[in-house]
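Please take a look at the chain shown here.

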Amino acid sequence: MSFPKNFLWGGATAANQCEGGFDKDGRGLANVDVCPNGEDRLKVISGKMKMFDFDDKHYYPAKLGIDMYNHYKEDIKLFGEMGFKVYRLSIAWSRIFPNGDEKTPNEKGLLFYENIFKECHKYGIEPLVTITHFDCPMHLIKEYGGWRNRKLIDFYKNLCITLFNRYKGLVKYWITFNEINMILHLPFMGAGLYFEEGEDENKIKYQAAHNELVASALATKIAHEVDPNNRVGCMFAAGSTYPFNCKPENIWEALCKERKEYFFVDVQAQGKYPNYALKMLERNNCMPEIWEGDLQLLEKNTVDFVSFSYYNTNCINVDEQVEVTSGNLFASVKNPYLKYTDWGWSIDPLGLRITLNEVYDRYRKPLFIVENGIGAIDTINENGEIIDDYRINFHRDHIKAMKDAIEIDSVDLMGYTTWGCIDLVSASSGEMKKRYGFIYVDLDNEGKGSLKRTKKKSFDWYKKVIASNGEDLD
Ligand code: BG6
């Protein structure tokens, strides 16, 4: 048997992309709420266009999500039917602390997640909780400037203390920040950063990164103190970067690109700023302000496991005459050996094995793939079915790659949670039609639809995969 007996099969979602109920039961406004769909989305999520509240010209998909706020029982029941061992979800920070800087939490928000966790346990599902999946209360952005401000460490600490104590015994797997390296790519969505004209964006991003790294180490420390059974992971957007060819400049650029993303995990898993990063920060005049005690805290509180999202690999070419395509993190050179999704993301199962090996060789900590999937347009046929063979093929090939990494390469892999196990709002585009789920949700890009849940063909397939612990992939 290649997958360990206790392998954690399951699915993943994020509060801002599925909950809705943005103003229910005392929840405060957050950065993720005010990201519209349509052509302005990219400008807003990257911190280039100021959107601190709703306006009449845009549609804001996170307000409704897929209304999991009112459907969570039905949804978790379906996850249970698929045999999930684990369900990755995130906390909406502003449900617990509406402004972010209060001393006392919002009981209704706490109760909402408590009910979710209890519901999971009813079906033998272990919750895997991302403390922040891009969420930052708007008040913390307006008042303090988001994660550029060191004060956020204390507010986040307060959130963590509250969560760890309240959910002791209900939750043992925690992730401190979703895709921490997203600060560099989509800073408003990733860290509540908006840039005024003339500001040094890089300096601000690396200060925010330092603040989050310290906050993450603090969270790890507190989680272990509150309950030694807690397991805390870091999380980054992964996907190896290939040199386009053997031109040494391309090899070098690929290495530099990877270091830029690995930097965060180097700190969280190895406990110190790597030398290449210190030099780079100095050279670019963006060395963050580091307080006394920070470095010791980072060193003493490394994570228990390294988790990551994997969608595609990237390709780099220093020469310009090449075709460019998109991807989860950044635009990349088109790789002629790969096929692409409808959204131009490369499909590269062997790339997952390569990434798993790279990450494991680098950190030697248990790994957890907490996002993987294909965003595709699903159609309902005349019999009301969704025959999503492309999704089945995608997951089958990626699971085979995981299997090889475990069986042949001896990578220590704890689990696999597929992204958007139920259809939800896309983070990058704000669309509903970019679907990842095994469960279809009747909702369109403008928020119209009955919200009815329907099992796709992939639902039964994944159920079989889990029941056979990854042996039956047909
Ligand atoms: C990751 C995020 O970047 O990729 C998710 O953690 C996101 O929030 C996922 O949804 C897929 O990206 P997209 O843009 O297709 O939703």
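Which residues of β7 lie on one side, which on the other, and are they buried or exposed? Phe305, Ser307 and Ser309 lie on one side, Val306 and Phe308 on the other, and all are buried. Buried means under 20% relative accessible area, exposed over 50% and partly exposed in between, with a 1.4 Å probe and protein chains only. Since 5 of the 5 residues of this strand (residues 305–309) are buried, β7 is largely enclosed by the rest of the structure. Strands (E, at least two residues) and helices (H or I, at least four) are DSSP runs numbered from the N terminus.

This is a predicted model, in which local features need pLDDT of at least 70 and side-chain atom pairs count only at pLDDT 80 or more, while totals for chains, interfaces and linings use all residues. Residues are numbered from 1 along each chain as its sequence is written, and side-chain values use heavy atoms, leaving out hydrogens and water.

Strand β7 has parallel partners. Strand β5 (residues 231–237) is joined to β7 by 5 bridges, and Phe236 has Phe308 as its bridge partner in β7. Strand β13 (residues 367–371) runs parallel to β7 as well, joined by 4 bridges; here Phe308 is paired with Ile369. Two strands pair if DSSP finds at least two bridges between them.

Leaving aside residues up to four places away in sequence, Met402 touches Ile369, Phe3, Phe7, Trp9, Leu352, Leu356, Leu413 and Tyr416, where contact means heavy atoms within 4.5 Å. In the largest nonpolar core, of 144 residues, Met402, Phe79 and Tyr113 touch the most other members. Such a core is a set of buried Ala, Val, Leu, Ile, Met, Phe, Trp, Tyr and Cys residues joined through side-chain atoms within 4.5 Å. Helix α9 (residues 201–226) gives the most to this core, 13 residues. Another core, of 10 residues, lies apart from it and includes Leu8, Leu128, Val370 and Met414.

Ser429 sits in the loop between β14 (413–419) and β15 (439–441). Its relative accessibility is 18%, so Ser429 counts as buried. Its side chain makes polar contacts with those of Ser426, at 3.0 Å, and Glu431, at 2.6 Å.

Finally, the ligand. One of its oxygen atoms is 2.4 Å from an N or O atom in the side chain of Ser428. Taken alone the ligand exposes 380 Å², of which the protein buries 98%. A polar contact is a pair of N or O atoms within 3.5 Å; within protein, one must be able to donate a hydrogen and the other to accept it, and residues adjacent in sequence count only if both atoms are side-chain atoms. Accessible areas come from the Shrake-Rupley method with a 1.4 Å probe; for residues, only the protein chains shown count as cover.
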